[in-house]
Amino acid sequence: MMDRLDQNLDFASKALALRTQRQSILAGNIANADTPGYQARDISFSASLKHRISGLATPAEGMHLRLTSAGHIAGKTQPAQPLNVMYRVPDQPSADGNTVDMDRERVAFSENSVKYQTDLTYLSNQIKWLSSAIQG
């Protein structure tokens, strides 16, 4: 029972983390819409999630922080998972080499936001279900 619950929570948390990273990539595309030579990027969410769930993704080492005073608290960073970021093939590249299509980026950004909220609601419901099972 606990293994199944752990798998469900692990899946949902990995999906949320991946959606967050994709949102950051899409936001970068939107922010660089007027940057000459900028290449629009994205990830294949389903392929990246399958890769993470399968256990093939090896965590990279986190950043090590150096203390400059004995009174400082040692910092801990989360290791970043490498992503297979791909460049988009533009329908109509601009004369300056920028490949960002704002309509496509807005749709992808909105779709990812809705799916993030859905995943968050699912995870929240799983936690509520677990809490009620423990209390009941």
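## A buried charged pair

D42 is buried, and R22 is buried too (buried means under 20% relative accessible area, exposed over 50%, partly exposed in between, with a 1.4 Å probe and protein chains only). This is a predicted model, in which local features need pLDDT of at least 70 and side-chain atom pairs count only at pLDDT 80 or more, while totals for chains, interfaces and linings use all residues. Residues are numbered from 1 along each chain as its sequence is written, and side-chain values use heavy atoms, with hydrogens and water left out.

## Overall layout

The protein has 3 helices and 2 strands, arranged along the sequence as α-β-α-β-α. Helices (H or I, at least four residues) and strands (E, at least two) are DSSP runs, numbered from the N terminus. Buried residues account for 23% of the 136 residues.

## Salt bridges around D42

The structure holds 8 salt bridges, each a side-chain nitrogen of Lys or Arg within 4 Å of a carboxyl oxygen of Asp or Glu. One of them joins D42 and R22, at 2.9 Å from N to O. This pair links distant parts of the chain, with D42 in strand 1 (residues 41–42) and R22 in helix 1, 20 residues apart.

R88 also forms a salt bridge with D42, the closest N and O atoms being 2.6 Å apart. R88 lies in the loop between strand 2 (86–87) and helix 3 (102–135) and D42 in strand 1, so this pair ties together parts that are 46 residues apart in sequence. The relative accessible area of R88 is 15%, so R88 is buried. R22, D42, R88 and E105 are linked in a network of salt bridges.
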